[in-house]
Structure formats: C-alpha cells, structure tokens
Amino acid sequence: TTTEVVVEALRTYEVGLTAQCEQGWTEEKRRRFEALQALSAETARHVIPGAPDDHNWLYDESGLPK
C-alpha cells in the first residue's frame, strides 16, 4: 500500500540520517546517547495507559506555573 511504502521510506531515511549524525561521535558522546536511550525506554515502561500527556495541570489560566 501507499502507507507501507511511505513508512518504509521514512525508516530507511531515519537509518541513513542517524548514521550520518553519528559520524565523528566520540566514545563519550555515544555512551551518553545510549544511556539516554536506555533511560527513555525505561521511562516509557512506566507510562500509565490513558494518562494525559499534556502538562496543562501545571499552569494556571494565564499560563503561569501553579
């Protein structure tokens, strides 16, 4: 389908873009990036299904922190 072709193209583009961005990374930068990826994956496991993903409850009607 058209959707499958577009999704596959985006995945291929992402792989190439990631490889291009990572060229020249130091070992320290790669280690930090991988640590952030692991932290993100761990955090994602704790998301409560159906929980709101906005942060409006943190701000008043003027947009200021409560």
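Student: What makes arginine 32 count as exposed in this predicted model?

Tutor: Arginine 32 has a relative accessible area of 53%. Exposed means over 50%, so arginine 32 is called exposed.

Student: Why is the contact of arginine 32 with glutamate 28 called a salt bridge?

Tutor: The closest N and O atoms of arginine 32 and glutamate 28 are 2.7 Å apart. A salt bridge requires a side-chain nitrogen of Lys or Arg within 4 Å of a carboxyl oxygen of Asp or Glu, so this pair qualifies. In general, side chains of opposite charge can pair when their charged atoms come close.

Student: What separates arginine 32 and glutamate 28 along helix 2?

Tutor: They are 4 residues apart in helix 2, which means a separation of about one helical turn.

Student: Which residues are linked in a network of salt bridges?

Tutor: The network links Glu28, Arg31 and Arg32. Glutamate 28 also forms a salt bridge with arginine 31, where the closest N and O atoms are 2.7 Å apart. These two residues lie 3 residues apart in helix 2 (residues 27–44), so about one helical turn separates them.

Student: Why are glutamate 28 and arginine 31 called partly exposed?

Tutor: Glutamate 28 has a relative accessible area of 35%, and arginine 31 has 45% relative accessibility. Buried means under 20% and exposed means over 50%; both values fall in between, so both residues are partly exposed.

Student: How do you know that arginine 45 and glutamate 42 form a salt bridge?

Tutor: The N to O distance between their side chains is 2.5 Å. The cut-off is within 4 Å, so the pair meets the definition. Arginine 45, at 58% relative accessibility, is exposed, whereas glutamate 42, at 33%, is partly exposed. A search of the whole structure finds 3 salt bridges.

Student: What makes the span of helix 1 close to the expected one?

Tutor: Helix 1 (residues 2–22) has 21 residues and reaches 30 Å from its first C-alpha to its last. The expected span, at 1.5 Å a residue, is 30 Å, so the helix is close to expectation. Glycine 24 follows helix 1 and has a positive phi, near 85°.

Student: How do you know that the protein chain is more spread out than a compact globule?

Tutor: The secondary structure of the chain comes to 2 helices and 0 strands. The radius of gyration is 18 Å, well over the 11 Å that the globule rule gives for 66 residues, so the chain is more spread out than a compact globule. Its C-alpha atoms fill a box of roughly 45 × 40 × 25 Å along the principal axes.

Terms used:
Residues numbered from 1 in each chain as written. Predicted model: local features only at pLDDT ≥ 70, side-chain atom pairs only at ≥ 80, totals over all residues. Heavy atoms only, no water. Buried < 20%, exposed > 50% of the residue type's maximum accessible area, 1.4 Å probe, protein only. Rg over C-alpha atoms; globule rule 2.2 N^0.38 Å.
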